[in-house]
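This report concerns the predicted model shown below.

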Amino acid sequence: MKVEFNQESARIIFGEEMNLINKEDYNDEFMKLIEKGITDITLDFNNLKNIDSSGLGKVLHFNKILKNKGGNLKIKNINSEYVQRVFKMIELNDIIEVH
Amino acid sequence: MDNAADNLIKKYNFTLTAQANKINEIINELLKVVNNTDHSIPDIEFRLEIAAREILANAIEYGCKDHNDEIEILFSIEQNKIVLSVIDPGEGFNWQERSFEIVPVLDERGRGLKMINKVSDEMDFNDKGNQIKITFLGGK
């Protein structure tokens, strides 16, 4: 995981997995950005190969926090066919802005 | 007449200690079995991976108290049917009261079983709720 940010926006670059094991690590980094007052956040899934329901739940949690603050969550670069199909299956594309 | 070899059932047992970083190893083993067997189950790699990932994560998160707790995995494969059964040492859960229909809700939790139900052809639990059995069925 890597995090890039400036005063207004941030990008969290994901590793290969988002699941039960590491979801809280992502949550910690996300909350640090929120504490800095950043509410325009992009999740970069370029490297992400798999995600489970607990990881998906965390992404929805991020979305909810930002919406409540009048901010915006975007997901970019979903390369993995597995992740694309999971998103489609649970209709996440209808809830979160995916590019 | 069917070739008798088509109906052979291959059975495998795996044990997972309650460590989430071992889930990928089990999934790779299951996929290896599937790829080395002649079967007619459509789109099985994706469906099995989704289901196994969710089932094993649930078993660890809700069915185990200690990292040394053991989860038993039974996997059987034949030409027209694949069955994955997972038993955890936990207290089980009240599956009769759950809805397994996927709807686009914003809640953080409660999506795993719905995903398993969506990708499998049949999903069953034992009465106690600490064993799940899913079945994938083949074509003609």
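## Helix α2 of chain A

After α2(A) comes Gly70(A), with a positive phi near 75 degrees. Helices (H or I, at least four residues) and strands (E, at least two) are DSSP runs, numbered from the N terminus. This is a predicted model, in which local features need pLDDT of at least 70, side-chain atom pairs count only at pLDDT 80 or more, and totals for chains, interfaces and linings use all residues. Residues are numbered from 1 along each chain as its sequence is written, and chains are lettered from A and ligands numbered from 1 in the order in which they are written.

Helix α2 of chain A covers residues 53-68; its 16 residues should span 22 Å, and its end C-alpha atoms are 22 Å apart, which agrees. The expected span is 1.5 Å times one less than the number of residues. Buried residues of α2(A) include Leu56(A), Val59(A), Leu60(A) and Phe62(A), where buried means that 20 or more other C-beta atoms lie within 10 Å of the residue's own, with C-beta atoms placed from the backbone.

## Contact between the chains

The contact takes 20 residues from chain A and 19 residues from chain B; two residues are in contact if their C-beta atoms, placed from the backbone, lie within 7 Å. On the side of chain A that touches chain B, α2(A) gives the most, with eight residues.

## Chain B

| Property of chain B | Value |
|---|---|
| Secondary structure | three helices and five strands |
| Span of C-alpha trace along principal axes | about 50 × 35 × 25 Å |
| Buried share of 140 residues | 29% |

Along the sequence, the pattern of chain B is β-α-α-β-β-α-β-β.

Definitions and conventions. A residue is buried if 20 or more other C-beta atoms lie within 10 Å of its own, exposed if 12 or fewer, and partly exposed in between; C-beta atoms are placed from the backbone.
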